[in-house]
Amino acid sequence: MESGPHTPSPGTSPSTTTTTTIVHPQRLEQIIPAVAKASLEADGITIRSNIANTDDAPRTVGVLRYNTSHDSLHEFAPAHIYYGDDHDIGSTKKGAVRSKVRTYSTSAAIPLNSGGGIDGQPRSGGRRRASYDEPSSIPRKFFINVVSTLQSLLESEDTDGNYQITIDDGGPKTITLGTANSGGYNRADIRGTYMLSNLLQELTYAKQFGRRYIVLDEARLNENPVDRLSRLIRTSFWDGLTRRIDASVIEVVGYDPKDRTADPRPRIYVPIGAPEQLAYYQKVAADRPELRLEVIQLPKEITPDYVKSLNDKPGLLALAMDKEIDPRTGQETLVGKPFVVPGGRFNELYGWDSYMESLGLIVDNKVELAKNMVEHFAFCIQHYGKILNANRSYYLSRSQPPFLTDMALRVYERIRHEPESKEFLRGALLAAMKEYHQVWMSEPRLDKVTGLSRYRPEGKGIPPETEAEHFEHILMPYAEKHNMSFDEFQQAYNDGVVIEPDLDEYFLHDRAVRESGHDTSYRLEKICGNLATIDLNSLLYKYETDISKTIRTIFGDKLPVPDEWLVGDQKSGHVESSAIWDRRARKRKMAMDKYMWNPEKGIFFDYDTVEKKQHFYETATTFWAMWAGAASPGQARSMVERGLPKFEVLGGLVAGTEESRGVVGIDRPNRQWDYPYGWAPQQILAWGGLQRYGFDQEAERLAYRWLFMMTKAFFDYNGVVVEKYDVTRPVDPHRVDAEYGNQGLDFKGVAREGFGWVNASYQYGLQIINSHMRRALGALTPPDSFSNAFDREEMVF
Ligand SMILES: OC[C@H]1O[C@H](O[C@H]2O[C@H](CO)[C@@H](O)[C@H](O)[C@H]2O)[C@H](O)[C@@H](O)[C@@H]1O
Ligand SMILES: [Ca+2]
């Protein structure tokens, strides 16, 4: 058998060489059966084979040729481009975008040689092999039969059958692929969980895009894991999480995994102040009856009873739309503004998730999406009276931690050169001021005695969006008392047929827990609605200082308020200026110092406005006071020196301390916002707070811990990125059993979305660590080894 590049024949491009291999005719049939040949040709790949044998001598020459006239497709192009229709290898299809198709520096002739080059047989498969590729400076590529390689890869490597290749699988951890560079003659082993799982991911994408044969850059398999994760977030995960609400995709965003009613269907509730949207959706429903879209106008007054009455017909709440000319009809139409959803079972626009997501989107230059989300919030404040927990009917009376001013300012920073930027900021500021007064500084959320605010939304009955069994341990004793089944009791309680004041109190706090975003935690259970929390009051301090500074520095200290944004006793012609917002901030800071600061413990605590004492649960939200700038320099130092050691563990910050959580067991199960879990928002805000007070090293160290944990899980577990982590676990921190488990785990072959705020924490966190750290991260250097070596200055970079 011989093989090798041949001198280009006259007329071929100077950069093209041809490789031929002589193989036995029977072998040829084995490698490219008739079916595969047909499909290769359909893919625009030509096969030229000279079957000239008459005896058993190996004289067949087969040359598989793929188009090499491509110029500039990058090896790390996003999957839809790398495997997309327009960029098919050798595509002859109409509309192929030649300027972006793949580049092959040398020839692209794949000989029909023997061995596992095309099928990608696992090493243990026992096939006779041709020669192995020596390491070379030329970037290696593989020629792969997508379906058969996928099949053999899963058969040999996915030993637990979950369509992922992870360190828990017990396969040989090796597969052999034919290299394209050698014309397919030589083969190379792909070894180890990470490369094999990347191969699985690439093949899953290739199959999804209908590719039967691909030429795959090895660089996609052994890519630095930090670069790969960051690249996937930037080029793929955000796209996977982007939604819009309009006729084009209403069935996608209408789908609600939390809908447990008998007949789930897309449904949209439109506020009374948006008649154009009502007409628009009614037309969509009439034009496309197959959607079974139900369109309902909300009443002017939205009462807790009304919200409860929607429990058995849950639906989307309409968001902001733009007007556009429909190119097909030439008529004006409405189109939904795209936004990002968290992922998993959360397929709608969330309040504080959106803020966190926007931090990552801005790093990734997707500022328009962050801007849209600010505009959706302004729409929500205008039409629903608040930034919604999320835009589903069952969230109508709840808000979430407020971040609008910071979010709008970060977007503004990036668009300030644009003509409409000031108008954008004005709109956001007016909305934030209205929200501030109407939601957070009004009863029942405002505690008039302290002047501090609480999460305390209105509502009635049992929240319908939780998992079916979530309240079983709470409700069963009541069901037994009333001699009813669990389901009967839920119905009777929700309908007001049985009255249980203790349960009413329980659910008041439960709704508050959900509004706080920290659902659920022993910090807040059965008490949340009474707590002036350190998180909420820090965020409101940030609103006050942001609003003051923005009015003064950007709007000349005079911001007239249009009638539709007036609140309370404000009169037409009302003008806002900075002084009053400064006073509000000072007042809140004094109240926070008085009620929440604990000089003995050196951190801030929540304040119980009913019991009139501090609530001694140590929460990572104490660092939000630093993020907001509400801590004095002395308080900040104390929180770093005495607070930080309480929360800092292997993977960053735990949501609360183990001691504060208390003992857990069968009767007292783990709650997801308690120890040992860590959440992206807690990390992000602590990094920002530490930086704000000059604790850059601490911020870098914490960011490194979190990023390392994420990278390691990504590396070991087939590219996983999840909603939250057990930050104390060194090996599989993505495994979380508390409450509804974890979101972002449930994928086959390749993760397509990650999880919104965790994606953001990665991109944002990479901005915080320095370049040495980034390199150490790429080499998966554990945080403690890194800092020890760094302290001893042994690390060579
Ligand atoms: O369905 C149960 C609860 O789910 C949400 O809470 C969790 O997911 C949100 C989206 O990522 C996140 O904002 C929140 O912090 C998580 O705890 C929802 O917000 C709750 O209201 C809901 O009851
Ligand atoms: Ca597996």
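A salt bridge here is a side-chain nitrogen of Lys or Arg within 4 Å of a carboxyl oxygen of Asp or Glu.

1. **What you are looking at.** This is a predicted model, in which local features need pLDDT of at least 70, side-chain atom pairs count only at pLDDT 80 or more, and totals for chains, interfaces and linings use all residues. Residues are numbered from 1 along each chain as its sequence is written, chains are lettered from A and ligands numbered from 1 in the order in which they are written, and side-chain values use heavy atoms, with hydrogens and water left out.

2. **The overall picture.** The protein has 26 helices and 29 strands; these are DSSP runs numbered from the N terminus, helices being H or I with at least four residues and strands E with at least two. Of its 797 residues, 60% are buried. Buried means under 20% relative accessible area, exposed means over 50%, and partly exposed lies in between (1.4 Å probe, protein chains only). The accessible surface comes to about 31,900 Å², and 51% of that belongs to carbon and sulfur atoms; such areas come from the Shrake-Rupley method with a 1.4 Å probe, and for residues only the protein chains shown count as cover. Taking contacts between residues at least 6 apart in sequence, 71% join residues at least 24 apart, where contact means heavy atoms within 4.5 Å.

3. Arg705 and Asp784 meet through their side chains in a salt bridge, at 3.3 Å from N to O. This pair links distant parts of the chain, with Arg705 in helix H23 (residues 696-716) and Asp784 in helix H26 (residues 783-791), 79 residues apart. Arg705 is buried, at 11% relative accessible area, while Asp784 is partly exposed at 36%.

4. **Other salt bridges.** The whole structure holds 56 salt bridges. One of them pairs Arg288 with Glu251, whose closest N and O atoms are 3.6 Å apart. Arg288 sits in the loop between helix H8 (275-287) and strand S12 (294-297), and Glu251 in helix H7 (residues 250-254), so the pair ties together parts that are 37 residues apart in sequence. Arg288 is partly exposed at 25% relative accessibility, and Glu251 is partly exposed at 37%. Another salt bridge joins the side chains of Arg514 and Asp519, at 4.0 Å from N to O. Here Arg514 is buried at 6% relative accessibility, and Asp519 is buried at 17%.

5. **The calcium site.** Which protein atoms are the donors of the calcium ion (ligand 2)? They are Asp158 (OD), Asp160 (OD), Asn162 (OD1), Gln164 (O), Asp169 (OD) and Asp169 (OD), lying 2.2 to 2.6 Å from the ion. Donors are N, O and S atoms within 2.8 Å of the metal (3.2 Å for Na, K and Ca); water is not among the atoms, so sites may look incomplete. In sequence, the donor residues follow the spacing D-x1-D-x1-N-x1-Q-x4-D. The arrangement is irregular because the 6 donor atoms subtend angles of 51 to 164°. For six donors to count as octahedral, opposite donors must be over 155 degrees apart and all others between 65 and 115.

6. An open sheet of 3 strands has the order S19-S24-S25, with antiparallel pairing. Strands S19 (531-532) and S25 (613-615) stand at the edges with a single partner strand each, so one side of each has no neighbour in the sheet. Strand S24 (residues 606-608) is joined to S25 by 3 bridges; two strands pair if DSSP finds at least two bridges between them. Asp608 has Lys613 in S25 as its bridge partner. Elsewhere, strands S14 (residues 321-325) and S15 (residues 332-336) pair antiparallel over 5 bridges, and Asp322 has Val335 in S15 as its bridge partner. Their hairpin has 6 residues between the strands, and in it Gly330 takes a positive phi near 75°.

7. **A covered helix.** How many of the 13 residues of helix H10 (residues 351-363) are buried? The number is 12, and the helix is mostly covered. Among the buried residues are Trp352, Tyr355, Met356 and Leu359. Just after H10, Asn365 takes a positive phi of about 60°.

Methods:
Four donors count as tetrahedral if all angles lie between 85 and 135 degrees; four count as square planar and six as octahedral if opposite donors are over 155 degrees apart and all others between 65 and 115; anything else is irregular.
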